[in-house]
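Okay, thanks for making time, everyone.

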Amino acid sequence: MTTTTIAAPRSPRRLRGRTNTELYAWLFMRVSGVFLIVLVFGHLFVNLMVGEGINALDFAFVAGKWADPLWQVWDLLMLWLAMIHGTNGLRTVINDYAERDQVRMWLKMLLYVAAAFTIILGTLVIFTFDPCPAEAAAELLPSFCPGA
Amino acid sequence: MPKAPAGTIYRGREGMWSWVAHRVTGIGIFFFLLVHIVDTALVRVSPESYNEVIATYKTTIVGLMEVLLVAAIVFHAFNGLRIILVDFWSKGPRYQRQMLAGVGILWLVLMVPFLVRHLSHVFGG
């Protein structure tokens, strides 16, 4: 009797060069999504529902918020999570619909440049913001500024 | 070999349309976000320039666009929770239709008070 060796049906395929990037992207969308619901709903409630709503928004309103470290951290987290979440979403959409390699590559480059620009810009604004700029008209400044 | 009848179209019903709506709202929110970060960055230029751009947010037409924006965000948020439940809850796929109805109910529960409040700000001055 001759024995034939048959490979086990579920022997692992070779996964050389493969990474779990897409798995982490998928997981990030879900985890960041939960955080963003809290961050964005809080942002919308405070800026659009409380008090005068949209009519209360001006430089003094923003300066008053960012005088509180809580809102600085809130807005910084919201900026980073929303931009990365949105950029990854748009990346998926581009991958789905842009069939030509060159078009797909350039659209994603444009997306990444726009995302990096806005994330860096927003971060710099939050960290270098001056609520009481010296040359500004006093009546436009928050009440805690000297001379306002 | 039987040929597929002409003119067939994929009919994914609730699952497909919620997927489409999730994409469309997501893309819309993303482009608003780009604009919103740049306009907020004007606080770093001067109080005058920031107040000037934020004044456009208080006009009637943009006030109504904010309703569309918030409607899109609220749908995307609750449908996102539905997607998480479909992925992680063992009974999620079975109840995805019912959960979409839940998304609609939660959407209404948040949108009605928001509409009343926001429109009174937009039209009340």
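Before I point at anything, one cut-off: when I say buried, I mean under 20% relative accessible area, exposed is over 50%, and partly exposed is whatever sits in between. And keep in mind that this is a predicted model.

So, how many salt bridges are there over all chains? The structure holds six of them. Let me start with the pair that crosses between chains. B:Arg23 and A:Asp96 form a salt bridge, with their closest N and O atoms 2.5 Å apart. Since A:Asp96 is in helix α3 of chain A and B:Arg23 is in helix α1 of chain B, residues 13–40, this pair joins two chains. Is B:Arg23 buried or exposed? Its relative accessible area is 15%, under the 20% cut-off, so B:Arg23 is buried.

Next, staying inside chain A. A:Glu22 and A:Arg91 meet through their side chains in a salt bridge, 2.9 Å from N to O. Here the pair links distant parts of the chain: A:Glu22 is in helix α1, residues 21–49, and A:Arg91 is in helix α3, residues 69–97, which puts them 69 residues apart. A:Arg91 has 14% relative accessibility, so we call it buried.

Then there's a local one. A:Arg104 and A:Asp101 make a salt bridge at 2.7 Å, N to O. Both sit in helix α4 of chain A, residues 101–128, three residues apart, and that's about one turn of the helix. On accessibility, A:Asp101 is exposed at 54%, while A:Arg104 is partly exposed at 23%.

Over in chain B, we've got a network: salt bridges link B:Arg13, B:Glu14 and B:Arg97.

Okay, on to the sulfurs. Searching the whole structure turns up one disulfide over all chains. It joins A:Cys132 to A:Cys145, with 2.0 Å from S to S. Both cysteines are in the segment after α4 of chain A, 13 residues apart, and the pair links distant parts of the chain. Which hand does the disulfide have? The torsion about the S-S bond is about -85°, so the disulfide is left-handed.

Key: Residues numbered from 1 in each chain as written. Chains lettered and ligands numbered in written order. Predicted model: local features only at pLDDT ≥ 70, side-chain atom pairs only at ≥ 80, totals over all residues. Heavy atoms only, no water. Salt bridge = Lys/Arg side-chain N within 4 Å of Asp/Glu carboxyl O. Helix = DSSP H or I, 4+ residues; strand = E, 2+ residues; numbered from the N terminus. Buried < 20%, exposed > 50% of the residue type's maximum accessible area, 1.4 Å probe, protein only. Disulfide = S-S within 2.5 Å.
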